[in-house]
Every structure is written in C-alpha cells, then in structure tokens.
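Please walk through the fold described below, beginning with the overall layout and ending at the ligand. Terms are defined where they come up.

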Amino acid sequence: MVKMEKQQAFICSDSLKMKPNRMKKIILKTGETLQISIGTKADAAAVIEHLKTVGDETEFLSFSGADFAVSAEEEAAIIEAHRVADNRLFLLAWIKDELVGVLNIDASAKPKMKHLGEIGLSVLKAHWKKGIGYQMIQTALDWAKQTGVLKKVNLEVQENNYGAIRLYEQLGFTLEGARKRGVLTDGVYYNLNLMGICIN
Ligand SMILES: CC(C)(COP(=O)(O)OP(=O)(O)OC[C@H]1O[C@@H](n2cnc3c(N)ncnc32)[C@H](O)[C@@H]1OP(=O)(O)O)[C@@H](O)C(=O)NCCC(=O)NCCS
C-alpha cells in the first residue's frame, strides 16, 4: 500500500487554489472520504509506487511498471516544478493513507504556449468507478480557471479507452482530432484521440 509520508493538516477549500498542505475533502458514492492535495516533494516515493502499480494495471498508459524508471530525487524535482509554476499542477487523491489517484497538468513557460495545459491522470484499479477521476479533473479545472494563465486544457487518450473518453466528455472535453498510430501495444497501433476544453 502507498502511504502518505506525513499526515497533512486538512483545510477545506472550495477553490483549492491552495498551498501545499491544503486539502479538499469529498465524500464518494461509496461513502469513503477522498482527500485531494497538492503534491509535495515528500510524496515522491508514494507517487512512484502508484505510477508503477497503475502502469501494470492498464494498457492505457504510455508506460508499464518496469518502464517507469524515475528516481525519488527526479520525481521530487518534477513535483516541485509543478508546485511552483503558475500553470502546472500536481494533484494527489487519498483514501485514508492510500494514494489512489494522481493527476498532473503540464504546461510550457513559453509566452506563446503557457495558456495550454496537458492533463495526465491515473486511478488505482481497485478504486475505479467510484467517481475519483471525475473529482480530480473537476478540481483541476476549477484550479486552472483561477490561474488566469491557463485558457485551454488538452489531453490525449487512446481511441479504445472508452471509459476515460466518456469521463472526459462528461466534464465538457470535446474531440479535436486524432494522432494516428499514436501508441503501439502488443503489436497493434492505436490512434490517440486529441481532446480539449477551453476555460475562461
Ligand atoms: C480512466 C480513469 C482515470 C477513470 O477514473 P475513475 O475514477 O474510474 O472514473 P470515475 O469513477 O470518476 O468515472 C466517472 C465517469 O466516467 C465514465 N467511466 C469511467 N470509467 C469507465 C469505464 N470503465 N467504463 C465506462 N464508463 C466509465 C462513466 O461515465 C463514469 O460515470 P458513472 O460512474 O456515473 O457511470 C481510470 O479508469 C484509470 O486510471 N484508468 C487507467 C489509466 C488511464 O486510462 N488514464 C487515462 C489516460 S488518458
């Protein structure tokens, strides 16, 4: 099980334009309490364990557990770079002390590109279909709207990842095109659907 390095103080924040130790609390349809926090360097080991696990649980990510060769120091630097940027976000979702979801918005610092965010999302398989992905993206979009910097959020999703596509459509993302032969899985090429949502 992935453990929180340190129990963080809970401060409810609707806006979630928050400092690292602030958390948003949501009651899921299962009755479980989901806590969403901004990642900090201290979360690096938990994030690596999560990504290695989900990498082996699904064919819909671009890496397997074995492919994910990022050190704790490198992951900590990635998380910190997201934390300090005005257009990047690293969100973690916790049930009790288990890290069940990771979402990041990556973005460029270049003036011509900094209005564009790119979402990556994973939820542990044991917790799929509880509404965690929905809550994480909704929280990320709320945060993005308040940055005043991000104006568009994009993502790429494998064309046969029907559950994820449905989730994104529910949240207002629309199909903008497709990257042909975007991914090769077990000898089969799949297109990557390009989806996006304008904000503000
Ligand atoms: C895709 C993923 C993030 C969805 O997370 P989740 O927490 O299970 O999604 P939610 O429970 O919030 O789903 C919300 C809605 O999305 C749709 N949805 C999600 N998963 C679905 C599935 N497997 N089949 C059909 N619809 C699905 C449904 O409309 C659902 O609403 P409903 O429960 O009222 O029917 C998760 O399955 C995952 O991590 N998959 C592996 C990694 C991955 O594919 N990441 C996305 C890469 S682009």
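**Layout of the chain**

The protein chain holds four helices and eight strands; helices (H or I, at least four residues) and strands (E, at least two) are DSSP runs, numbered from the N terminus. This is a predicted model: local features need pLDDT of at least 70, side-chain atom pairs count only at pLDDT 80 or more, and totals for chains, interfaces and linings use all residues. Residues are numbered from 1 along each chain as its sequence is written. Read from the N terminus on, the elements follow the order β-β-α-α-β-β-β-α-β-α-β-β.

Of the 200 residues of the protein chain, 31% count as buried. A residue is buried if 20 or more other C-beta atoms lie within 10 Å of its own, exposed if 12 or fewer, and partly exposed in between, with C-beta atoms placed from the backbone. Among contacts between residues at least 6 apart in sequence, 59% join residues at least 24 apart. Here two residues are in contact if their C-beta atoms, placed from the backbone, lie within 7 Å.

**The sheet**

Strands of a sheet pair through backbone hydrogen bonds, either parallel or antiparallel. In this model eight strands form an open sheet with mixed pairing, in the order E1-E2-E3-E4-E5-E6-E8-E7; two strands pair if DSSP finds at least two bridges between them. Strand E1 (23-27) and strand E7 (174-185) stand at the edges with a single partner strand each, so one side of each is left without a neighbour in the sheet. Neighbouring strands are turned by 25° against each other on average, direction ignored. For this and the other angles, axes are lines fitted to C-alpha atoms, for helices over the stretch in contact, and angles run from 0 to 180 degrees between N-to-C directions.

Strand E2 (residues 33-38) and strand E3 (residues 89-95) pair in the antiparallel sense over five bridges. Within this pair, Gln35 stands opposite Trp94, and Ile38 stands opposite Leu91. Leu91 also has a bridge partner in E4, namely Leu103. E3 and E4 are antiparallel too, over seven bridges, and Ile95 is partnered there by Glu98. These two strands form a hairpin with two residues between them, and Lys96 in the turn has a positive phi of about 55°.

How enclosed are E3 and E4? Six of the seven residues of E3 are buried, so E3 is largely enclosed by the rest of the structure. E4 is mostly covered, with eight of its ten residues buried.

Gly196 belongs to strand E8 (residues 188-198). Gly196 counts as buried because it has 21 C-beta neighbours inside 10 Å. Leaving aside neighbours within four places in sequence, Gly196 is in contact with Lys152, Val153, Asn154, Phe173, Thr174 and Glu176. Gly196 and Gly177 are 19 residues apart in sequence and 9.8 Å apart in space, C-alpha to C-alpha.

**Helices on the sheet and on each other**

H1 lies across strand E4 (98-107) and E5, running at about 95° to E4. H3 also packs on the sheet, where it touches E1, E2, E3, E4, E5 and E6, and its direction makes about 35° with that of E4.

Two packed helices are described by the angle between their axes and the distance between the axes. The axes of helix H1 (residues 44-57) and helix H2 (residues 72-84) come within 8 Å and cross at roughly 105°. H1 contributes Ala44, Ala45, Val47 and Ile48 to the contact, and H2 contributes Ala72, Glu75, Ala76 and Ile79. By class, these are seven nonpolar, no polar and one charged residues. Ala, Val, Leu, Ile, Met, Phe, Trp, Tyr, Cys and Pro count as nonpolar, Asp, Glu, Lys and Arg as charged, and the others, Gly among them, as polar.

**Around the ligand**

Which residues come nearest to the ligand? Of the 22 residues around the ligand, these are Phe60, Gly133, Tyr134, Gly163 and Leu167. A residue is near a molecule or strand if its C-beta atom, placed from the backbone, lies within 6 Å of it. Strand E5 (116-123), helix H3 (132-147), strand E6 (152-158) and helix H4 (162-170) are the elements that give two or more residues to this shell. H4 supplies the largest share, five residues. The shell divides into twelve nonpolar, seven polar and three charged residues.
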